[in-house]
Amino acid sequence: MIFWIVLGVTAALAALWIAWPFLRSTTFELTGAEGAISIYRDQMDEVERDLKAGLISQSESDAALAEIERRALHAARSLDQGMAVSQRSGLAALALTAASALAAVGLYMALGSSGAPDQPLAARKTEILTRQADAGDVQSRIQLLIERTSENPDSFDDWWTLARAHAMIGDHTASAEAYRHAAEIAGDMPEVQSAYAEAMTLANGNKVPTAARVIFEQLVRNTDDARAHYYLALAKAQAQDFEGALAGWAALARASAPDAPWMPLVRRDIVNMARFIETDVLDYLPDATPQEIAQSGGDPGTALLPPLETAETLEQRLAEDPKDFKSWIELADLRSRAGDAEGAADALAQARQHFAGAPFVLQKIAEAERALGLDLVAAGPRGPTASDMAAASQMSEDDRADMIDGMVAGLAARLKEQPRDLDGWVMLVRSYSTLGRAEKARDAYETALLVFKDDQTALGVLRNSAGALIGN
Amino acid sequence: MIVELGHFALCLALIAALVQATLPLWGVSQGNAAAMRVADTGAQVQFFGAAAAFAALTWAFVTSDFSVMTAALNSHSGKPMMYKITGVWANHEGSMLLWVLMLALFGVLISIFGRVIPVTMRATVLAVQAMIGVGFYAFILLTSNPFERLPMPPLDGQGMNPLLQDPGVAFHPPLLYLGYVGFSTAFSFAVAALITGRVDPAWARWMRPWVLLAWSGLTAGIALGSWWAYYELGWGGFWFWDPVENASFMPWLIGTALLHSAIVVEKRNALLKWTILLAILTFSLSLIGTFLVRSGILTSVHAFATDPERGVFILLLLAIAIGGALTLFAWRAPKLEDGGVFAVWSRETGLLVNNLLLTAACGIVFVGTMYPLVLEVITGDKISVGAPYFNQSFLPVFGIVLLGAGVGPFLSWKRARKADVLRRAGLTTVITLALTALIALVFGLRDGVGLLGAFIALWLAVATLQDIAFRCGLPRVSAGTALRRLIGLPRSAWGLYLGHFGIAVASAGVIAVSVWKVEVIQTVQPGDPTQVGPYEFTLLDIENTTGPNYQTSIAAVKVTRDGEMVTVLFPERRWYPVERKPSTEAGIETLWHGDLYAVLGDPAGDGGFVTRYYYNTGVPWMWLGAALITLGGMVSLTDRRLRIGAPSAKRRQPLAQPAE
């Protein structure tokens, strides 16, 4: 509406200005040769100046002046011919104004996209993020959700989704913060409280903080929330109350259906803890498999598969190529089984250093650590955190290259497990070509093409971005 | 909203131009002064519309509004702000809009500062000006609309040619257009003279400031373009005789002729028809230059075929404008009476010869430029007319022009004393010969063509200084009197001297660099010295870094002379990732006698780099000369008699007297 008002007023004023001469009072205008006469006067001045400067003689000057006068007279004769009258005419003005304004507006309406808004890039951030999020980019989805929550901080759903998205990429600190908002809005909803407390724990490096424990304790009193039971037991373990922890997990295992989603985790922790405090796992887990019994240090042997490689060969291989996180985890596993908890923790710590920039691998390492129960027993160095990343900016050139290598290797590993990640593949191809590894870049590109072979849109994106990078 | 208002403003400009092109002419035929004055208000509204449209398009570029197709195709959000703005006219649609904006600007300037021009003449001139405008507004709105919107705007634009991301070329088009479009005023005055049948000294004087303004802008624009080619393209060359350059050079040559012949009309009421013809031709060449050559419509049959709508429209417009004007000329010119008579030995003859030579020079360039284009259109054969053709045919003619420009000011109007002129020219010859011989001896120069060129440039400089001395009365008067007279010289005389001296300086530069420059191309390892004329260039090291929207390798090249440090040059090779194009930035150190010039090429694989080193003698003189010529035009423009606006009170008073 404002658009049409501005447009209309502009059209009317401009058209009125065009017609303005018809609204002036009646005047007579000389249209003749007055200008020409002033020129002849200038020419006479010039002749006189030249005469004074001695550039021309008296006779030349006289001749020139005579000629100029003759022409001036000729011009003056036509002076009275030129006369025009300017008459006020409201009707003419009105007609001209209306015709001009209507023609301009009409022409615009025929050609223009009337009322189409401006779309400066700054105002299109949301749209761009939406498009990227639709293409599967989690960061963009998170950015969008952050915007949504800042615009509408009272929406439980937005905070809830944001918290889960943060958790998905392993950013548990941000996830806990988002859950806190969700919990404030939802009040005493047990499910929310439980998720919040869990996020706090994860953000705290899987150590149950007091605030989380209070929430879990409250939940245990009022509900049968499995998560609360699990983490309370974990908290006991972390407080060196290993018996209590085992009892808690055992109780949870008894109370849960055998196929409950958390059961593998609970069983694993029971097995690890049994091994650690050297007790019989069957006391706590009556249906333990032979393999579990073996892992718990009970009956060594039969079910245990012989290791494919010895620790020594693994160490050797890792010394040559440290960019193989699975081997690191395997090494930690071997050492842990051999009762060398410290050595196992050390292997994982080294792995963390090599993959400092690869969140996915760090997550895998943390999972392995927990699976082996190492996080409870060994106080080895924790994995790289934000401060490590900041330190990376002060690294030497070699260290940085090493860290970048680690990031790329981590990305490759992640894509192997979660291949339907278009941005990930593009980034991998770009990383390889930036590092000058053309062959790897090509391999990655071809793998990506296979992964997305049934998705024309994704193929297009791949060809345009990644394909262009390697000259396809 | 802003973009759409800009689109509307452009429509408004077309309507204003339509009114301005018709109503005032009706007023002239009916003696209706109000209708005539609509030419002024129409021109003002037209300018408002064009300026608002241009501002809106600039807004779209600055805010990266990619819903505007022109911005989406030619801009990018990551560009520095300056190139977002200059990107507005670095594409077809935007440059067309700049073109009509300039046209409207000249119109509004005439409506405001042309009050001294009688309303009949002003109305006719502005109406003709508006007719050109109507054609081009329609062309823009119907075939090249810069405000076309995209329903699904892309996430980012496609960027801009990195070669154009440079301050030199960024401001080259506005200046060039100031020239091209400025000549439309000459065209309008010429057509108005044919329509009204009135050509007299006053007419020439009214037209002159506009021609001067346009000509100065064109001079500066050409120099800036040449300067850009010199340091950006990285070949050490400054003029390639390619169609784009020739397109701007042809109007300049004919415009220079027009500038001189208009003086004859003003002073002597002679050469009337010839001047009108030159005015029409100058603008016609501007049009041909902009739309046939620059647009690429004729350079490639293919381009024409892909967009026949634009091509046909342009051809039609040119046919109407040029053909119409020439037809009008053929019909009306015989009825015009030519005034003053003059002797063979006179300034009139001198200027006429100047005109003929400049026209011939322009004809040579025209043939060399258009022949390959026309041949390709007709037969499909591709030929290229290169520098040898132009050097052999154009340069001799232009050499004679320069010699003539030296003698011309010696001639007085109507009837010159032959003996005086010959005596003064003889003195010029003696001094110039002595100077040329001195230069040849001191610098050990033996190149015959080079010395001939040096003689011609020196001749013009000596003759110009000699004429200044003569005008001051030297050597007959005391130094004090001479100085007083020097200061008292009219600005138009200063324009003449600055212009001619500038041409001499620029020519000297062109000759020096053509004949005596040193060029060395080699692969060097860092630390290897290379001898370039009297200088030694050494590549020190190469640093890789990033600019605002590009990656770059910057080399440091040390230059010494006889072991003494002269300077360090920093040539660059840039890579623009968005546009996927490289560009070079030459490292240049300007000394008074020439440029030290280094270009960094590709890495050679063995740790070495391809480098091109130049010692370009005389190049700074070319830019200095061009600046002097432009300055001359501007100084002449400020001459009291040409000053546009209200005449001074002293001259107003006696104006009323003839009626007594």
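Contact here means heavy atoms within 4.5 Å. The model is predicted: local features need pLDDT of at least 70, side-chain atom pairs count only at pLDDT 80 or more, and totals for chains, interfaces and linings use all residues. Residues are numbered from 1 along each chain as its sequence is written.

**View 1. The interface of chain A and chain B.** In this interface, 61 residues of chain A are in contact with 66 residues of chain B. The two chains bury about 5,500 Å² between them, with 60% of it on carbon and sulfur atoms; buried area is the accessible area (1.4 Å probe) that two parts lose on being put together, summed over both. On the chain B side, the most area is lost to chain A by Met1(B), Phe8(B) and Leu155(B), together 13% of what that side buries.

**View 2. Helix 7 and helix 8 of chain A.** Helix 7 spans residues 156-168 and helix 8 spans residues 172-186 (helices are DSSP runs of H or I, at least four residues, numbered from the N terminus). Their axes, lines fitted to C-alpha atoms over the stretch in contact, come within 8 Å and cross at roughly 160°. The two helices are therefore roughly antiparallel (angles over 145 degrees, on a range from 0 to 180 between N-to-C directions).

**View 3. Residues between the two helices.** The contact includes Phe156(A), Trp159(A) and Trp160(A) of helix 7 of chain A, and His172(A), Tyr179(A) and Ile185(A) of helix 8 of chain A. Its residues divide into 12 nonpolar, four polar and one charged (Ala, Val, Leu, Ile, Met, Phe, Trp, Tyr, Cys and Pro count as nonpolar, Asp, Glu, Lys and Arg as charged, the others as polar).

Terms used
Chains are lettered from A and ligands numbered from 1 in the order in which they are written. Side-chain values use heavy atoms; hydrogens and water are left out. Angles under 35 degrees count as roughly parallel, over 145 as roughly antiparallel, 65 to 115 as roughly perpendicular and the rest as oblique.
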